[in-house]
Protein chains: 4
Amino acid sequence: MNSFGKKLRLTTFGESHGKAIGCVLDGVPAGLEIDEEFVQRELDRRKPGKSNMETGRKEDDRVEILSGVFEGISTGTPIAMVIYNTNQKSKDYANVKDLFRPGHADFTYWHKYGIRDYRGGGRSSARETAARVAAGAVAKLMLAKFGIDVQSGVCEIDGIEAKTYDFEYAKSSKLYALDPDVELMQERAVLEAKKNHDSVGGVVLAVANGVPAGLGEPLYYKLDAVLAEAMMGINAAKAVEIGDGIASAHLKGSQNNDPITPDGFVSNHSGGILGGISNADEIRLKVYFKPTPSIFQEQDTIDIHTQSTKLNLKGRHDPCVAIRGSVVVESMMALVIADMMLLNASSNMQNLQKIYSPKGI
Amino acid sequence: MNSFGKKLRLTTFGESHGKAIGCVLDGVPAGLEIDEEFVQRELDRRKPGKSNMETGRKEDDRVEILSGVFEGISTGTPIAMVIYNTNQKSKDYANVKDLFRPGHADFTYWHKYGIRDYRGGGRSSARETAARVAAGAVAKLMLAKFGIDVQSGVCEIDGIEAKTYDFEYAKSSKLYALDPDVELMQERAVLEAKKNHDSVGGVVLAVANGVPAGLGEPLYYKLDAVLAEAMMGINAAKAVEIGDGIASAHLKGSQNNDPITPDGFVSNHSGGILGGISNADEIRLKVYFKPTPSIFQEQDTIDIHTQSTKLNLKGRHDPCVAIRGSVVVESMMALVIADMMLLNASSNMQNLQKIYSPKGI
Amino acid sequence: MNSFGKKLRLTTFGESHGKAIGCVLDGVPAGLEIDEEFVQRELDRRKPGKSNMETGRKEDDRVEILSGVFEGISTGTPIAMVIYNTNQKSKDYANVKDLFRPGHADFTYWHKYGIRDYRGGGRSSARETAARVAAGAVAKLMLAKFGIDVQSGVCEIDGIEAKTYDFEYAKSSKLYALDPDVELMQERAVLEAKKNHDSVGGVVLAVANGVPAGLGEPLYYKLDAVLAEAMMGINAAKAVEIGDGIASAHLKGSQNNDPITPDGFVSNHSGGILGGISNADEIRLKVYFKPTPSIFQEQDTIDIHTQSTKLNLKGRHDPCVAIRGSVVVESMMALVIADMMLLNASSNMQNLQKIYSPKGI
Amino acid sequence: MNSFGKKLRLTTFGESHGKAIGCVLDGVPAGLEIDEEFVQRELDRRKPGKSNMETGRKEDDRVEILSGVFEGISTGTPIAMVIYNTNQKSKDYANVKDLFRPGHADFTYWHKYGIRDYRGGGRSSARETAARVAAGAVAKLMLAKFGIDVQSGVCEIDGIEAKTYDFEYAKSSKLYALDPDVELMQERAVLEAKKNHDSVGGVVLAVANGVPAGLGEPLYYKLDAVLAEAMMGINAAKAVEIGDGIASAHLKGSQNNDPITPDGFVSNHSGGILGGISNADEIRLKVYFKPTPSIFQEQDTIDIHTQSTKLNLKGRHDPCVAIRGSVVVESMMALVIADMMLLNASSNMQNLQKIYSPKGI
C-alpha cells in the first residue's frame with residue numbers, strides 16, 4: 001500500500017527522522033537517458049529551507065541512484081533512489097511524544113497501528129514527498145522524449161488569487177507564484193501568518209501539454225480519477241478539480257461542452273479529459289491545500305491515555321505547504337501521465353502490430 | 001482496468017446498448033446475509049425513468065445474482081450480478097454513428113481504441129453505474145453489520161445551494177434534495193433547462209457515520225485519495241472535496257485544525273480523515289458534477305474523418321446527472337469503506353492475534 | 001483473488017451447481033476479431049460427457065458473450081462470458097452435505113470460510129475451468145494474429161508414457177493422447193480404474209511455438225514463474241516443470257546449457273525460457289495431475305462436527321482429470337503468453353517510439 | 001513487476017555489480033519485534049564464499065534497515081533494507097560484454113530491453129536473492145509468533161538422493177544436506193564437477209509446520225499456485241512439486257487420497273494443501289534446480305551482432321546453485337505463508353467481528 005501506479009510503479013519508504021527516505025521506481029522503459037543532475041535539480045526545487053517561506057529544516061536532499069541505470073541509461077530494471085536524512089532534530093518532538101497534534105496523522109496512526117514514530121510525524125511527514133519528486137523527475141525525462149511538458153505553480157494563497165498564469169515566472173518565484181502581480185500580497189500573507197504563529201492555505205494549478213489523445217484506462221483507472229487519487233494523496237490536499245471543475249457544476253451544458261473542430265477543441269472546460277481519457281488538449285487541474293496543521297499557538301488536545309492536555313509545538317514547519325506542494329503536484333502528475341502512456345501501449349491491435357510482427361491466421 | 005478496490009474488488013462489464021451490464025464482486029467475507037431485495041431496492045433508487053427529472057429510458061434493472069451466495073449467505077467466492085438491458089433504442093444513435101458528441105467520450109475512445117460502440121455511449125455510458133450500485137448495496141449490507149451508515153443527497157443544482165442537510169428527506173425526494181426549502185427552486189431549474197433543450201450541473205454531498213478509526217492505507221491507498229479516485233471516476237464528476245475541502249484553502253491553521261478532547265474532535269473541518277486514515281468522526285465529501293453533455297441544441301463537432309459538421313442529438317438523457325449520481329456516489333463510498341475495513345484487518349499484530357492463535361517463539 | 005493476469009486479466013465466477021459460471025476478460029486489445037464459433041469449439045473440447053473417459057454429467061456449455069464485442073470486433077472493453085449450468089444433480093450430494101471428501105477442498109473451504117456450497121464441490125469444482133477455456137480461446141485468437149500457436153496433449157496416464165509427441169493426433173484422440181502407440185494402453189488403464197471404482201493420474205505436455213524473444217517480466221512476473229502459478233492453480237495439478245525440468249537437476253552444466261548459434265539454440269533443455277524471459281525457442285512445460293479424488297470406494301473421513309464416519313460418494317466424475325485438464329493447461333498457457341505480450345509492449349523506449357511520436361527535448 | 005506478494009509485498013532492486021541491492025517490504029503488521037541480528041544471521045546462511053562448495057566472491061552482506069522500524073518494533077510502514085555491494089570484480093566480465101552466455105539471461109534481456117548490465121549478470125544474477133532472504137527473515141519473525149516454522153535442505157545433488165530428511169542436521173551442513181549418510185557423496189560430486197570446470201544440479205525440499213487451516217486464496221491466488229510461482233521464480237529453478245507431486249501422477253485415487261480422522265489426516269500425499277488452501281498438515285514442496293550455467297569449459301555462442309564465437313568464462317560461481325538456493329526457497333516459502341495469513345484475515349465475518357465491533361442492523 002506504499003506503491004503508486006500500475007505499469008510505472010513507485011514504491012516509497014522512509015520516515016522524517018529515520019535514517020533515510022527513498023523509493024524504487026519500477027517499470028521505467030529501458031533505453032532512457034537518466035540525467036542525474038536533472039533529478040537533483042528537481043529535488044532542489046522541493047528541498048526545504050530555501051527561503052523564509054519555508055521550514056528552517058535544512059536538508060541537502062542529495063539523491064543517490066542505487067540501481068537500474070547502467071552507463072547513464074535505464075536498463076528496464078527497478079531504479080532505487082535513496083536520500084539520507086541529515087538534519088533531524090528529534091528532540092524537538094520529545095514533548096509531543098505522547099500527544100496527538102490537531103490536524104495531524106498522530107491520532108489516526110496510533111489507532112491504526114498501535115505504535116507511531118512520533119519524531120517529525122514519522123512516515124506521515126511531507127518529507128516523504130521528496131521521494132515522489134525524485135521519481136517524478138525520471139517520469140519527466142521520459143515524457144520529454146515525447147514532447148510532453150508538465151508545469152505547475154501556486155495560484156492562490158490565503159484567498160489571494162492569481163489573475164494570470166505565468167508558469168515560467170513561477171519557476172523562479174520563491175512562492176512558485178503564477179502571477180507576479182499578486183505575488184507580493186501572497187508573500188505578505190504568508191509572513192503575517194508566520195509572525196502570528198499561524199499558517200495559511202493555498203491552491204496549486206498544474207498543466208500538462210503535449211499529451212497525446214488516448215491516455216487513461218476506463219473505467220477504473222481513468223486519467224482524471226487517478227490524477228485525483230494522486231493529488232488527494234499529497235499531504236494536506238483537501239480538494240481536487242479537473243478543468244473547470246467546481247465552476248462546471250454551475251454551468252449549463254450548452255456553456256460547458258467544448259465544441260470540436262478539425263483543428264481541435266474550441267474551448268477547454270473539460271481540462272483535456274473526456275470519459276477518463278486524454279483528448280490531446282491541455283490537461284489542467286487544481287489542488288487545494290489546507291493550512292499547515294503545525295502552528296505555534298497553544299491548542300487543545302489529548303494524549304495517548306485519552307487525557308485532556310495543551311499542545312505547544314516546537315519544530316520547524318512551512319507556514320504554507322502549498323508552495324513546496326506545487327513541486328509535488330507536478331511530480332505526481334508526471335508519474336500518472338507516464339504510467340498511462342505505458343498502459344496504453346497495448347490498448348489496440350494496431351499498437352501491438354507495430355511492436356510484434358503480425359502474421360496471418 | 002475495469003476493476004476497483006483491492007481486497008473487496010469490483011469488476012464491471014457491459015455497454016449501454018449491449019446485451020447486459022453487470023459485475024463480479026470479489027472478496028466479500030463469507031457468512032454475510034445477502035438480502036437480494038435490498039440490492040434490488042438500491043438499484044431501484046438509481047434506475048432511470050422514475051420522474052420528469054430523468055431520462056425517458058425505462059429500464060427495470062432487475063438484478064440476478066449468479067454466484068457466491070448459498071442459501072442466502074455469502075460463501076466468500078465471487079458474487080456475480082447481471083442486469084440484462086431491455087429498453088435500448090439503438091436507432092436513436094444511427095445519426096451520430098460517425099460523429100463525436102461534444103463533452104462525451106466518443107472522441108477519446110475512438111482515438112484510444114480505433115473503434116467504438118456508438119450506441120448510447122457504449123461502455124462510457126452512465127448506465128454502467130448500475131453495476132456499481134448493485135455492488136455498493138452488498139458493501140452496505142456488510143457495513144451495516146458494524147453500525148456504519150452511508151448516506152447522500154443533492155446539495156446544489158444549477159448554483160442553487162442547500163442551506164440545511166436532511167438525509168432522510170433526500171431519500172424520498174425525486175431530486176434526492178437535501179434541503180426541502182430549496183428543492184422546488186432546484187426542480188424548476190432542471191425543468192427550465194430541459195425546456196430549453198439544455199442541462200444543468202449539480203453537487204452531491206455524502207457522509208459516512210460509524211466508521212471506526214484506523215481505516216485507510218497510507219501512503220498510496222489513503223482513504224481520502226481512494227475516495228477521490230472513486231468519485232472522480234463517476235461519469236461527469238469534475239471535482240471532489242473532503243471535509244471543508246476548498247474552504248480549507250482559505251482558512252488559517254488556527255481555524256482549520258480540529259481540537260481534540262477525550263470525547264472526540266470538537267469540530268470536523270477534516271471530514272473525518274487525517275493523514276489518509278479515518279479518525280472515527282463523520283466522513284464527509286462533496287462531488288461536483290458537470291451538466292449533462294447530451295443536450296438537444298445544435299452543436300459544432302467533427303466526424304471520424306475530421307470533417308466539420310453539426311450535431312443534432314436524439315436519445316433520452318437526464319437533464320441533471322447529479323441527481324441519480326448521488327446514489328452512485330453513496331455506493332462507491334460504501335465500497336471504498338468496506339474495502340478499507342478488509343485491508344485494515346491485518347494492520348497490526350493485535351488484530352492478527354485475535355484471529356490466529358499466538359505462540360511463543 | 002479470483003482474477004488472473006495483469007494486463008490481460010481474467011476474473012471468473014460461479015459454482016458447479018449454481019446458476020451459471022463465467023468470466024470477465026479485461027484488457028483484450030481493441031480491434032481483434034472475436035470468432036464466437038471458435039470460442040465455442042474450444043469449450044466443446046473441454047466439455048464433459050463426450051466419451052467413456054469422462055464424467056457422465058452432460059453440459060452443453062453454451063457460451064454467451066455479454067459485452068466487449070461490437071460487430072464481431074473487440075472494443076477494448078471487458079469481455080464478459082457466461083455459461084449457464086443445466087445438468088446439475090445436486091441431490092447426489094445430499095449425503096455428503098456434512099462430510100469432508102478426502103482429497104477434496106471441502107475440509108479447507110469449511111475451515112477458511114465457515115460455510116461451503118457442498119453441491120458438486122461448489123466453487124472448487126473443475127467445472128470452473130470452462131471459464132478459463134473460454135478466456136483462453138480469446139487469447140488464442142490474439143496470439144494467432146502474431147503466429148503464436150499453443151498446443152497440448154496427454155503424455156502419460158497411470159505411468160504409461162508417450163514415446164512420441166503428435167499434437168495433431170492428440171486433437172482427435174478422446175484421451176488427447178500424444179502417442180497413438182500407447183493410447184490404447186492408456187485407455188485401458190483408465191477403464192480398468194473406472195471399473196474398480198478408482199481413478200488414475202496423468203501428465204500433460206504443452207508447447208507454444210512462435211513466441212517472440214523478450215516475453216516475461218523479471219524478477220517477479222517471470223514467464224516461467226507465472227506459467228508455474230497458472231498450471232499449479234489448475235484443479236488436481238501437483239507439479240510443474242519447464243523444459244527438461246526435473247531431468248535438468250540430474251545433468252551437468254555442460255550437458256544442460258543450450259549452445260547458441262546465429263540460427264538459434266542448438267538444443268532446448270531450457271524450455272524456451274532464460275532468466276524468466278522467452279528466448280524465441282519453443283516454450284515447453286509439463287503438468288502432473290493427481291488421480292481424481294472422487295472415487296467410489298468407501299473412504300474414512302470426518303464430518304463437520306469432527307466425528308469419524310465413512311464416505312460413499314455418488315455423483316459423476318472423470319476417472320482421469322488429466323485428460324480434460326490438457327485443454328485447460330493449453331488455455332492457461334495462452335492467457336499467460338498473451339498477458340506477457342501486452343506487458344512487454346512498454347518494455348523499452350524503442351517500442352514506445354513506435355507508438356507515440358518521439359520529440360526532441 | 002519487481003514486486004512479489006499482495007498484502008505482504010516485497011519489492012527488490014539492485015544489480016550484481018551495481019552499488020547495492022535491497023528491498024522494500026511493505027505490509028508487515030505493526031507491533032512485531034524486528035530482531036536485526038536474526039535478519040543478519042539469515043543473510044549469513046545465504047552469503048557467498050563460506051566454503052569450497054560456493055563461489056569465491058566474498059560479500060559480507062551486511063544489511064541495513066532504513067525505515068519501518070522504531071525502537072525495535074515494526075510500525076506498519078515499509079521496511080527498506082539495503083545491502084551494499086563490496087566485492088565486485090567487474091573486469092572479469094569485460095570479455096563477455098558483447099557475448100551471450102549459454103544458459104544465462106543475457107540473450108533474453110538483450111532482446112527484451114535492448115541493453116543489459118553485463119557485469120555479473122546484472123539484475124538476473126542470483127545475488128538479488130539476498131534481498132529475498134532479508135525479507136524472508138522478517139516474515140519468519142512474524143510466523144514464529146504464531147508457531148509456524150519453515151525449514152529446508154538439499155535432498156539431492158547430481159542424482160544422489162537423500163534417504164532421510166534431517167532438517168536440524170541440514171542447518172550445520174555446508175551443503176545444507178538433509179541426509180548425513182549421503183552428504184559426503186554429494187560433496188564429492190560437487191567437487192568433481194568443479195574440478196572438471198563443470199557444475200551439477202540439485203533438489204531442495206522445504207516444509208512448513210504449524211500452518212493453520214484456511215490459508216490460500218482461491219481460485220487465482222491459491223497457496224500451492226503462489227508457492228509454485230515463488231519457487232519457479234528463483235534463479236535456476238526448473239520444476240516445482242507440492243506434496244507427492246510427480247509421484248501422485250502415478251498413483252490411483254485410492255492410494256493418493258489422504259483419509260481424514262478426528263485427529264487429522266492419516267497420510268499427507270497432498271503436501272498439506274487441498275483446493276489451494278492449507279489443511280493444517282505439514283506443507284511440503286520440492287524445487288528442482290538446474291546445474292549452474294556458468295561453467296569454465298569453452299562453449300559455442302554468439303555475440304550481440306549475431307556472430308558465432310566461443311565463450312570462455314571467468315568470474316566466480318557456485319558449482320551447485322541448489323545449495324545456497326535452499327535458503328532462498330525457505331525465505332520465499334515464509335513470505336508466501338505470511339502473505340496468506342494477512343490476506344486470510346478478512347475471509348469471513350467471524351474474523352472481522354473479532355476486530356471490529358459488530359452492531360445489529
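These exercises look at two chain interfaces in a predicted model. Local features need pLDDT of at least 70, and side-chain atom pairs count only at pLDDT 80 or more.

**Exercise 1.** Describe the contact between chain A and chain C.

*Solution.* 
Step 1: count residues. Contact means heavy atoms within 4.5 Å. Here 35 residues of chain A meet 35 residues of chain C.

Step 2: take the buried area, which is the accessible area (1.4 Å probe) lost by two parts on being put together, summed over both. For chain A and chain C, this area is about 2,900 Å². Carbon and sulfur atoms give 66% of that area. A:Phe146, A:Met349 and A:Tyr356 supply 25% of what chain A buries against chain C, more than any other three residues.

Step 3: look for salt bridges (a side-chain nitrogen of Lys or Arg within 4 Å of a carboxyl oxygen of Asp or Glu).

**Exercise 2.** Describe the contact between chain D and chain C.

*Solution.* 
Step 1: count residues. Chain D gives 97 residues and chain C gives 97 residues.

Step 2: take the area. About 7,700 Å² is buried between chain D and chain C, and carbon and sulfur atoms give 59% of it. D:Met1, D:Lys112 and D:Tyr220 supply 12% of the area that chain D buries against chain C, more than any other three residues.

Step 3: look for salt bridges. There are four between chain D and chain C. D:Glu217 forms a salt bridge with C:Lys112, with the closest N and O atoms 2.8 Å apart.

Conventions:
Residues are numbered from 1 along each chain as its sequence is written. Chains are lettered from A and ligands numbered from 1 in the order in which they are written. Side-chain values use heavy atoms; hydrogens and water are left out.
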